[in-house]
Amino acid sequence: MYVYFFIFTEMKNTGRDKLGYINAVRGLAILLVIVLHAANAVPALPETFRYVCGKGAFGVQLFFVASAFTLFRSYSYRIEKEGGAAARNFFIRRLARISPMYYTAALVYSVICYLKPGYNDGNPLVAWKVLANIFYVNGFIPGAINYIPPGGWSVGVEMAFYCCVPFLFARIKNIKKAAIWFVALGAGTVVLKLLIRYALIRLQIDYHKPESWFLYFWFPNQAAVFMAGIVLFFALQLFSTGSKIKTYTGIAASTIIMVVFAYFKRNIDPYNIIPEHIILAIFFSINIFFLAQHSIKLFDNRVTRFLGEISFSLYLVHFIVIYVLEDYFPFAANPYLHFIELLGLVILTSAVISKLCWRFIEQPGIAAGNKYIKRRAHETPAAQLADQIL
């Protein structure tokens, strides 16, 4: 990945400090995820079409790359401004940003699944699994990693990465070190995957069963994806394409290669050894790099930026919208028309609900976190010391 940046770029700082394009990236990521789940809700779709839509699952890795990049960028700014309080304030901001909406979703889905077990695959609600998600430890518990709220596995993994950010920031000071960490964690992912697969086979456990899916979801398998975002952070400080032509050529080439690899991956790697999510994370990082240079309206526009702004609520909300629409809306008999209708309605309905959630749940939570940090900053050193002792 480092070589790719070097070949396509010249040494020059971009000077673009605004991160509106990151919202566009988040918007594209949530669209990929919604496409996946909408396709899963239409069982009559042909296998090839379903396979293509299934690649929308990697929208989560696109989220992870963008998250690692923005968090490293934010932390570098905060540590200069806040000094020793940066790590503490970082965790306060992260919890204030994630928890209000996440806990609201957990409560709503728990009530719904208790009243209507069909939304929980017909199974009764299991309280301890919900609590594992609420306390963000679900990422290390096989039976709870992706329970309630739906999609909670990615939030658990994200929280695990948050815990690593101060440690990583203190040790990764340049693109070379970031690339080494990326390669090391990527290689470790392959080795760990093969070892666990071997152990499961010896124990006569089918690693394709749902109970074993956590081996894909859990943080050790996703860590290299976040490292790709950290490489991107340093790359954007060092390189620039310098022209729109290079930008358009680079993103077109990267996107075409990425799509070809994703589509033919099962032929390229029939034994599923190559970590597809890590390879795609490299391409995601390259594409974000090019989007940071010049605005490309196909990807970076008012719609994608809007969806990216509300993407966290949209991620949590769209599951229940799909459930309800599938139960009560009269869709076309043709599976393709069914899919198109469902996809459009899910995006529109979820966007309206998510905008309200962003305004009345997410924003107040962020404001409360910032208010608490500001109040702590004005406390006397003696009072802060007393808090630490207590």
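These legends accompany several close-up views of one predicted model.

Residue numbers start from 1 along each chain as its sequence is written, and side-chain values use heavy atoms, with hydrogens and water left out. Because this is a predicted model, local features need pLDDT of at least 70 and side-chain atom pairs count only at pLDDT 80 or more, while totals for chains, interfaces and linings use all residues.

**View 1. The whole protein chain.**
The protein chain holds 16 helices and 2 strands. Helices (H or I, at least four residues) and strands (E, at least two) are DSSP runs, numbered from the N terminus. Of the 390 residues, 47% are buried. Buried means under 20% relative accessible area, exposed means over 50%, and partly exposed lies in between (1.4 Å probe, protein chains only). The protein chain exposes about 19400 Å². Carbon and sulfur atoms supply 69% of that area. Accessible areas come from the Shrake-Rupley method with a 1.4 Å probe; for residues, only the protein chains shown count as cover. Now take contacts between residues at least 6 apart in sequence: 79% of them join residues at least 24 apart. Contact means heavy atoms within 4.5 Å.

**View 2. The largest nonpolar core.**
In soluble globular proteins, nonpolar side chains tend to be buried together. A nonpolar core is a set of buried Ala, Val, Leu, Ile, Met, Phe, Trp, Tyr and Cys residues joined through side-chain atoms within 4.5 Å. Which members of the largest core touch the most other members? They are Phe 161 and Ile 230, out of 110 residues. Helix H10 (residues 219-238) gives the largest share of this core, 14 residues. Set aside the neighbours of Ile 230 within four places in sequence, and its contacts are Ala 68, Phe 72, Phe 161, Leu 168, Ile 172 and Ala 178.

**View 3. Helix H3 against helix H11.**
Two packed helices are described by the angle between their axes and the distance between the axes. Here helix H3 (residues 47-54) packs on helix H11 (residues 244-268) at about 115 degrees, with the axes 10 Å apart. Axes are lines fitted to C-alpha atoms, for helices over the stretch in contact, and angles run from 0 to 180 degrees between N-to-C directions. From H3 come Glu 47, Thr 48, Tyr 51 and Val 52; they meet Ala 262, Tyr 263, Lys 265 and Arg 266 of H11. These contact residues divide into 4 nonpolar, 1 polar and 3 charged. Ala, Val, Leu, Ile, Met, Phe, Trp, Tyr, Cys and Pro count as nonpolar, Asp, Glu, Lys and Arg as charged, and the others, Gly among them, as polar.

Leu 45 sits in the loop between helix H2 (20-40) and H3. Its relative accessibility is 5%, so Leu 45 counts as buried. Beyond residues up to four places away in sequence, Leu 45 touches Ala 39, Arg 50, Pro 335, Tyr 336 and Phe 339. Leu 45 and His 338 are 293 residues apart along the chain, yet their C-alpha atoms are separated by 9.2 Å.

**View 4. Two residues of helix H5.**
Asn 89 belongs to helix H5 (residues 86-115). Is Asn 89 buried or exposed? It is buried, because its relative accessibility is 4%. Asn 89 touches Glu 82 and Ile 373, not counting residues up to four places away in sequence. Tyr 114 is also placed in H5. At 62% relative accessibility, Tyr 114 counts as exposed. From Tyr 114 to Pro 124 is 10 residues in sequence and 6.8 Å in space, C-alpha to C-alpha.

**View 5. The loop between H6 and H7.**
Pro 149 lies in the loop between helix H6 (127-134) and helix H7 (152-171). The peptide bond from Ile 148 to Pro 149 is cis, with omega near 5 degrees. Tyr 136 is in the loop between H6 and H7. Phi of Tyr 136 is near 60 degrees, a positive value in a residue other than glycine. Tyr 136 is buried, with a relative accessible area of 12%.

**View 6. Ala 332, between H14 and H15.**
The loop between helix H14 (311-328) and helix H15 (335-377) contains Ala 332. With a relative accessible area of 24%, Ala 332 is partly exposed. Apart from neighbours within four places in sequence, Ala 332 contacts Leu 337, His 338 and Glu 341.
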